[in-house]
Amino acid sequence: MLVIGIAGGTGSGKSTVVRRIMEEIPRESMVVIPQDSYYKDNHHIPLEVRLKMNYDEPSSIDWELLCHHILELKEGRPINRPTYDFLTCSRLKETVTLFPAKVVLVEGILVLTDKRLREMMDVKVFVDADADERLIRVIHRDCIERGRTPEMVIERYQQTLKPMHELYIEPTKRFADLIIPQGGNNTVAIRLLSDYIRSLLHPGSGIHGDKTPSCDNSL
């Protein structure tokens, strides 16, 4: 089993990278674990307090459960992945059953901040994008999917997202084996990463049957 971590700032294009990898790798060979599903269960905290909590720092994530689930998959056992409601900032009762696969993609802004989780990864990827591009994507996503106004998003960006990115997320770039600039728009880098994953799944077969690719963090 290959465990691949895909990190990067909010709005950097991580989900796009994951989606395009899934288009290149057979679906039955892959399972995706979003970090966002593992926010701590804070249903006991009043809603008005939950809405103001900082969800962009490592302490907001249930790392123990996430690491346990990765180990379970490695041992060949299915897991019940939690689900999370961003409108109420609370974990839902429903879970999603995931079965072991050849490739496990762990995706999220903070997945390279936890040492134990990093040590489980065979490949660590950082999706990079300019701050203004990330802000535009966050405004678009949060207004459509999470019921926020542009003013709310900008205020949150200035007060939380930007300082947390600089404090926790950007520094994890040094842990990355591969860096993908231009986010999800970098189709060349995504194709190289997909080819590299295939080469790890089938050692010696190479890309398209000729030679095994070499990858470094120059993407």
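**The enclosed space**

I looked up the lining of the largest cavity: Gly-9, Thr-10, Asp-56, Ile-109, Arg-134, Val-138, Tyr-157, Leu-161, Lys-162, His-165 and Ile-169. A cavity is a set of points on a 1 Å grid over the protein atoms alone where a 1.4 Å probe fits but cannot get out, and lining residues have an atom within 4 Å of a point. I note that this is a predicted model, where local features need pLDDT of at least 70, side-chain atom pairs count only at pLDDT 80 or more, and totals for chains, interfaces and linings use all residues. Residues are numbered from 1 along each chain as its sequence is written, and side-chain values use heavy atoms, with hydrogens and water left out.

I found one cavity of 30 Å³ or more. The largest holds about 70 Å³; a volume is the space filled by probe spheres set on the grid points, which are joined across faces, edges and corners. Which helix gives the largest share of its lining? H6 does, with five residues.

**Helix H6**

I turned to H6, residues 150–169. Helices are DSSP runs (H or I, at least four residues), and strands are too (E, at least two), numbered from the N terminus. The expected span is 1.5 Å times one less than the number of residues. I then found a kink of about 50° centred on Tyr-157. The bend is the angle between axes fitted to the seven residues ending there and the seven starting there. Tyr-157 is also among the buried residues of H6, which include Leu-161 and His-165. Buried means under 20% relative accessible area with a 1.4 Å probe, protein chains only.

**Helix H3**

I checked H3 (residues 63–74) next. Its twelve residues reach 16 Å, close to the 16 Å expected. Its buried residues include Trp-63, Cys-67 and Leu-73. Just after H3, Gly-76 takes a positive phi of about 85°.

**Cysteines**

Why does Cys-67 count as buried? Cys-67 counts as buried because its relative accessibility is 1%. Cys-89 counts as buried because its value is 4%. I counted zero disulfides, taking a pair of cysteine sulfur atoms within 2.5 Å as the rule.

How values were computed. Buried means under 20% relative accessible area, exposed over 50%, partly exposed in between (1.4 Å probe, protein chains only). On a 1 Å grid over the protein atoms alone, a cavity is a set of points where a 1.4 Å probe fits but cannot get out, and a pocket is an open set with protein on both sides within 12 Å along at least five of seven lines; lining residues have an atom within 4 Å of a point.
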